[in-house]
Amino acid sequence: MSRLFNDLFIFEMANSHQGDVEHGKDIIHEMGKIARKYNINAAVKLQYRNLDNFIHPDYVNRTDVPHVPRFMSTRLTYDQFTELVDAIKEEGMIAISTPFDEGSVDWCMEQGIDIIKIASCSSLDWPLLEKAAATGKPLIISTGGKTLSDIDKLYNFFSHRKCDFAFLHCIAEYPAPADHLQLDFIDRMNKRYRDVTIGYSGHEDPDDNTVAMLAVAKGAKILERHVALPTEKYSINAYSMTPVQADKWVEAVIKARTICATKKENDKYVSQAEIDSLNSLMRGVYLKHDVKAGDTIGIDDVFFAMPCQEKQMNSGEFNDGIEVSRNYAANEALFETRHITSTKLARSVIHDAKGMLYEAGIVLGDDIEIELSHHYGMKNFRQTGAIIVSVINREYCKKILIVLPGQKHPMHMHKIKEETFQLLYGDLEIVLDGEEKELKAGDVQTVLRGQKHAFTSRNGAIFEEISTTHIRNDSYYDDPKISKLDPMDRKTILRKW
C-alpha cells in the first residue's frame, strides 16, 4: 500500500473552483493552513476534462443537457491547471486529480500529479481504467453506485495489473441523506479486500462530523470532502465545506482516530490505572480454617471475598490442589504463587491459536487431530514450536499449521514426505536450504524431500500444508537435542480443543 494513503485527508475542489484560477489558489491556501495546523497528511484534488473530446461537438453549446454548461463555464487551460498543481505542492500537500478521459490522464502524468483518483461515475469505464492503470501511479477508486459484484471486478482488474490502489466507500447523492450512508459497508470492504486501503468520501451535511467519526470507527483510513470558499462573487453548494467547517471536520477525524487507535501492536493495551481499578474490585482467597505448611487445599477449604490485598491470590487464580508453603489461620488471606502446569500452558496457547483462526475466518471442523509440537518442552513453546492440525492423512495429506507471534520452528527435513505450503493468514519467513524467503498471504512454497527448512513469524501465521502421506519419525532435526527425544516427548496430541 502506498505511504501516500496513510491517514489521508482529501480536500476536493467543489464545482471546479468556479473555473477561477485565483479563487482556486485561495481555496488551496486555506486548506494548506488547516494541514499545517493539524500536521496532517493532506491532499487537494482537481478535476481534469479534455472538453474538446469529452463533450460531443453537437452538445457543446447546449444548455439543456445536465453538467455541460457548468463544465464549459469552468473550463481551464493546461497551463492554468499547472498553476494550481504548483500551488498545492507549494503548500506542502499532495496533488490529486480525477481525469475523466484518456487525454486527462496524460495531463496527470505530465504535471506530476501524485495520485490519480477515479470518480464513481468512471469506475466501470474500462478504457479509462486501462489508461490509468498503465501509469504506475497510486490510484484511489470511488465506489458510489457500485454493487459488491462491481467492486469485485474492480479489485480483480487492478490487482491483476499489480496497481497500488485504494477504495473509497461513497454514496453518490449530493447531498447524501444520513439514512443512505451505509457505513457498515466499510466493515465489509475491509474484510473482503484485506490488502487494500479503504476510505470514505462523504457528501452529507457539512456540519455533521459524526459521520466522519463513525467512518473512522468503521476502519476508513482515507477521508474525502468537497471544500469551497464563499465570497461575494461565489456561493457554495449544500454538500461542500467552508474552511471553518473543514477545520472542524479534520479536528473531529483526528479525535476519532485517537479514540479508535489501538495502543499496542497485535494486542490490547491495558493501562496500570485500569489494572488498579479492577484489582480494587476483585475478590481475594481466604482460608475457612487453620492449615499447616505442606497441606494441600481445595475449594472447600477457602472462601472468596473483598478486598484482595497486594500479592494475595485472587479468586481467578485459585485451583484445587495447592500445597501451602506456610501455616495459615482461619480467615487469613492466602499468599501463594499460582502453579503453572503444562496443561495450563497448553490451554493458553490453544486459546491464542483459536483466536487467530477466528480472526482469519478459518473453520476447521471437529474431525481433526491437533499436535502441539514443543521441541524444547511446553514451557518454551511460545518461543519454539508450532500447532499442527491434521485434517486428512491418506495417500495425500492436508494439515493446517499455526505459528504464534515470534515463534520459530527449528531446522529439519523429511526423507519420505514432500510438502507444499500456502500461507493463508499473517506473515511467514521460511528458510529453505539456507535461503530466506518472506511469504505473504496466498504465496506457495514447495519443500522437496531432503530439503532443510525452518520457519518463523513476526505477527503470527496460519498456513496450509499439502503433502504426501505423513509418517511419524520422518522429521530429522539439525539440533541433536531434539533428535534424541522420543517423538512423543516433544509432541502433545489432542483430539478435541
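This report walks through the pockets and cavities of a predicted model.

## The largest pocket

Let's start with the open spaces. The largest pocket has a volume of about 1400 Å³. It is lined by 24 residues, and those closest to its centre are Arg 194, Asn 266, Glu 359, Tyr 425 and Gly 426.

Helix H12 (342-360) and strand E17 (419-426) each bring at least two residues to this lining. H12 gives the most, with five residues. Sorted by class, the lining holds 11 charged, eight nonpolar and five polar residues.

## The second largest pocket

Next up is a pocket with about 620 Å³ of space. Its lining counts 27 residues, and Gln 47, Arg 49, Phe 100, Cys 121 and Tyr 174 are the closest to its centre.

By class, you'd find 10 nonpolar, 10 polar and seven charged residues here.

The largest cavity holds about 170 Å³. Of its 19 lining residues, Ile 388, His 409, His 414, Lys 417 and Ser 475 sit closest to the centre. Strands supplying at least two lining residues each include E13 (369-373), E15 (396-403) and E17. The lining splits into eight polar, six charged and five nonpolar residues.

The second largest cavity has about 50 Å³ of space. Among the residues lining this cavity are His 470, Asp 474, Ser 475 and Arg 490. Its lining divides into four charged, three polar and one nonpolar.

How values were computed:
Residues numbered from 1 in each chain as written. Predicted model: local features only at pLDDT ≥ 70, side-chain atom pairs only at ≥ 80, totals over all residues. Heavy atoms only, no water. 1 Å grid on protein atoms, 1.4 Å probe; cavity = no way out; pocket = protein on both sides within 12 Å on 5 of 7 lines; lining within 4 Å. Points joined across faces, edges and corners; volume = space filled by probe spheres on them. Helix = DSSP H or I, 4+ residues; strand = E, 2+ residues; numbered from the N terminus. Nonpolar A, V, L, I, M, F, W, Y, C, P; charged D, E, K, R; others polar.
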